[in-house]
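Here are my notes on this one, for you to check against the coordinates. Tell me where you disagree.

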Amino acid sequence: MTSPVESYVQQDYKYGFVTDIEADTVPRGLNEDTIRLISAKKQEPAFLLEWRLAAYRRWLAMTEPHWPNVQYPPIDYQDIIYYSAPKQVKPLGSLDEVDPELLATYEKLGISLSEQKRLSGVAVDAIFDSVSVATTFREKLAESGVIFCSFSDAVKDHPELVKKYLGSVVPAGDNFFAALNAAVFTDGSFVYIPKGVTCPMELSTYFRINAADTGQFERTLIVAEAGATVSYLEGCTAPKRDTNQLHAAVVELVALEGATIKYSTVQNWYAGDSEGKGGIYNFVTKRGKCAGARSRITWTQVETGSSITWKYPSVILQGDDSIGEFYSVAVVNNRQQADTGTKMIHVGRNTKSTIISKGISAGRGQNSYRGLVKMLPKAVGARNYTQCDSMLIGNACGAHTFPYIDVQHPSASVEHEASTSKIGEDQIFYCKQRGLDTEDAISMIVNGFCKDVFQNLPMEFAVEAQKLLGISLEGSVG
Amino acid sequence: MLDIKNLTATAGGTEILRGITLTVNAGEVHAIMGPNGSGKSTLAQVLAGHPSYEVTGGSVTYKGQDLLDMEPEARAQAGVFLAFQYPVEIPGVTNAYFLRAAYNAKRTAQGLEELDPMDFLDLLEEKLKLVEWGPEIMSRAVNAGFSGGEKKRNEILQMAVLEPSLAILDETDSGLDIDALKIVANGVNALRRPDSATLLVTHYQRLLNHIVPDRVHVLAGGRIVRSGGKELALELEERGYEWLTDAAGAVA
Ligand SMILES: Nc1ncnc2c1ncn2[C@@H]1O[C@H](COP(=O)(O)OP(=O)(O)OP(=O)(O)O)[C@@H](O)[C@H]1O
Ligand SMILES: [Mg+2]
């Protein structure tokens with residue numbers, strides 16, 4: 001007898017199309033010349049090229065980390081294309097100059113780059129393969145002093161800010177993938193919110209990998225000056241391909257005194273097929289520094305895509321009374337693997353962190369939560385609350401928890417709660433007995449499970465995330 | 001309304017229902033009693049379509065339709081409601097959201113338009129009165145952290161909102177204090193209509209003082225071993241089940 005859950009059908013990844021566009025691509029492989037070429041294409045100042053080369057030399061001496069609870073065949077770093085950009089990327093005077101093919105691509109993804117058409121007050125930076133193709137609402141944001149542009153433009157227009165903050169939170173040699181990123185990063189978003197300014201609209205970056213065999217190495221830097229506030233969203237998709245593609249990004253956040261940065265991600269990279277063929281390797285370093293007193297950084301992530309995710313959005317709580325938060329939903333289905341969590345490093349006094357992690361495993365997916373809570377000797381009165389829940393759908397998947405706690409001051413307190421539940425036939429049957437079909441029942445139960453995280457997402461994103469969750473779990477159960 | 005003929009069912013390979021025949025007409029209330037493990041809940045779950053039970057023989061006709069051929073949600077949409085002996089918790093999903101989703105699923109199946117949240121709130125307000133609850137309960141997650149009695153009361157609230165044609169109440173009275181018992185009984189009585197029927201699984205005569213049944217059946221060893229009027233419940237209260245199960249044993 002097939003259970004109602006088993007007969008739940010698979011829905012296709014709807015972002016899996018490829019845009020046919022002429023690209024300017026560097027030859028496969030990585031050496032100092034590749035880096036010089038990338039830097040030259042971007043007409044970068046000397047300090048940046050030096051920074052890249054230094055990172056590259058360190059990277060050469062590093063080895064890929066194998067402690068995450070994920071398995072994949074060795075990556076041939078010489079077989080990757082490190083730069084691919086749609087042709088015609090001369091500086092754009094206005095959005096009208098963006099290749100219509102690209103505009104159409106983003107329309108298809110549900111992202112309108114045409115400012116007139118945008119109803120919601122969200123400004124978008126659109127990153128296509130290695131470069132930013134458009135940033136909307138730049139002028140409007142500039143009125144309040146907010147800088148929102150591609151990383152490349154920031155290097156050109158605000159080199160002093162880039163120089164000051166680049167690598168200040170994630171140093172070039174931080175880890176294997178961060179070093180690789182530092183050497184070859186091609187673009188990304190840059191945000192600067194001046195003192196006392198509340199950013200007048202949500203900012204967002206939409207990442208799209210299009211070209212085959214390329215890696216995407218973007219770098220995002222967000223700086224909020226004293227008393228500034230910003231909410232930033234990140235979305236990502238990629239075509240369906242049967243080879244794996246590497247995405248090794250770095251995100252750095254800096255919050256000065258009393259500043260607030262809310263960083264939300266809905267990650268929906270192509271996850272590979274039901275047998276695990278293809279998909280994105282999402283090896284990402286994200287870290288924020290609460291540099292000033294009473295500053296606050298909140299990471300909210302909904303991770304549904306990628307064949308492998310390796311990602312620990314973290315917060316260094318340096319300023320006294322600063323707050324770090326991590327809210328995460330990670331879903332694995334089919335053959336997906338995720339090793340994700342956070343690090344909360346309490347340095348200052350009375351710093352406070354909250355971690356809420358919801359892992360959902362279905363199909364033959366493997367989901368690991370890995371989290372570090374560290375209270376340094378000066379973190380007097382620091383507090384952490386961690387809640388880490390796993391939900392299993394079916395019998396072939398796995399959920400794992402690796403919490404690390406390191407408390408070096410007696411007045412610091414750490415509270416950890418964990419649970420594992422199995423989405424039961426009984427729960428589903430209860431819903432069906434009330435007239436809901438299996439699909440709606442599962443979606444309702446799973447969304448209920450993730451509620452504490454979703455309520456931290458900006459409204460529109462929350463709705464999007466709920467839908468996405470339903471789709472990623474279809475065909476999952478059995 | 002409901003016509004069960006020679007129904008047999010197994011769970012995990014063991015035969016639990018061993019030939020149940022029972023007819024319930026519109027407007028009637030039937031009580032089902034019987035010792036622990038006799039198959040009362042199994043009968044209720046089989047009627048609702050729980051996937052853990054396999055029907056191995058017999059038939060069930062509901063309003064002229066082959067009930068056993070319908071998906072559980074289709075049965076629910078057609079007006080079959082089961083108040084569970086052990087209601088399930090759904091953390092993070094509010095009662096209000098759940099009830100509206102259930103209510104609208106039924107409306108959609110009937111080709112009606114969904115009720116928007118505001119209109120639904122009005123409807124809810126009426127129904128809450130029936131179970132003597134304030135609106136706070138609606139923002140709590142479905143059964144999560146509810147006491148045993150609250151869960152049962154919540155089942156009645158759901159029933160009141162969904163207005164079933166066939167309500168099957170599996171020990172909804174168990175674990176209720178006296179006041180709650182009255183509330184539940186009033187709720188059930190208020191929903192009695194000439195075109196609906198109720199199957200009441202219970203261990204206690206006291207519920208039947210409040211909800212007077214047309215027929216009382218005793219289930220033992222997966223069979224109905226005795227049927228009678230409401231006075232049968234009184235007799236059971238006095239004499240227990242042994243005299244019946246012994247007799248059934250002698251027959252078998
Ligand atoms: N899913 C199942 N798998 C195996 N055995 C089951 C299952 N469900 C019920 N049974 C068995 O079937 C028998 C009847 O159970 P059922 O729950 O129908 O009894 P009941 O009459 O409702 O009892 P009670 O008065 O205690 O609620 C019991 O022996 C029970 O252990
Ligand atoms: Mg029972």
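The points below go from chain A as a whole to the interface, the ligand and a few individual residues.

1. Ground rules. This is a predicted model, so I kept to its cut-offs: local features need pLDDT of at least 70, side-chain atom pairs count only at pLDDT 80 or more, and totals for chains, interfaces and linings use all residues. Residues are numbered from 1 along each chain as its sequence is written, chains are lettered from A and ligands numbered from 1 in the order in which they are written, and side-chain values use heavy atoms, with hydrogens and water left out.

2. Chain A overall. I get 11 helices and 23 strands in chain A; these are DSSP runs numbered from the N terminus (H or I, at least four residues, for helices; E, at least two, for strands). Of the 478 residues in chain A, 63% are buried. Buried here means under 20% relative accessible area, exposed over 50%, and partly exposed in between, using a 1.4 Å probe and protein chains only. Contact means heavy atoms within 4.5 Å; among contacts in chain A between residues at least 6 apart in sequence, 83% join residues at least 24 apart.

3. The A/B interface. On the chain A side 20 residues are in contact with 33 residues of chain B. The two chains bury about 2,100 Å² between them, with 67% of that on carbon and sulfur atoms. Buried area is the accessible area (1.4 Å probe) that two parts lose on being put together, summed over both. Look at F429(A), Y430(A) and R434(A): they supply 36% of what chain A buries against chain B, more than any other three residues.

4. Ligand 1. There are 14 residues around ligand 1, and G37(B), K40(B), S41(B), T42(B) and H203(B) come nearest; a residue counts if one of its heavy atoms lies within 4 Å. Helix α1 (residues 40-48) of chain B gives the most to this shell, with three residues. Oxygen atoms of ligand 1 lie 2.9 Å from a backbone N or O atom of G37(B) and 3.2 Å from one of S38(B). E171(B) has a side-chain N or O atom 3.2 Å from a ligand oxygen.

5. Helix α7 of chain A. Nine of the nine residues of α7(A) are buried, so the helix is largely enclosed by the rest of the structure. N175(A) caps its N-terminal end, with a side-chain oxygen 2.9 Å from the backbone nitrogen of F177(A).

6. N181(A). This residue is found in α7 (residues 176-184) and has a relative accessible area of 0%. Where does the side chain of N181(A) make a polar contact? The partner is the side chain of R219(A), at 3.1 Å. A polar contact is a pair of N or O atoms within 3.5 Å; within protein, one must be able to donate a hydrogen and the other to accept it, and residues adjacent in sequence count only if both atoms are side-chain atoms. Beyond its neighbours within four places in sequence, N181(A) is in contact with residues including F217(A), E218(A) and A248(A).

7. Positive phi. N350(A) has a phi near 50° though it is not a glycine. N350(A) sits in the loop between β18 (337-346) and β19 (352-361) of chain A, partly exposed at 38% relative accessible area. In chain B, E163(B) has a positive phi of about 40° and is not a glycine either. E163(B) lies in the loop between α5 (148-162) and β9 (166-170), and is partly exposed at 39%.
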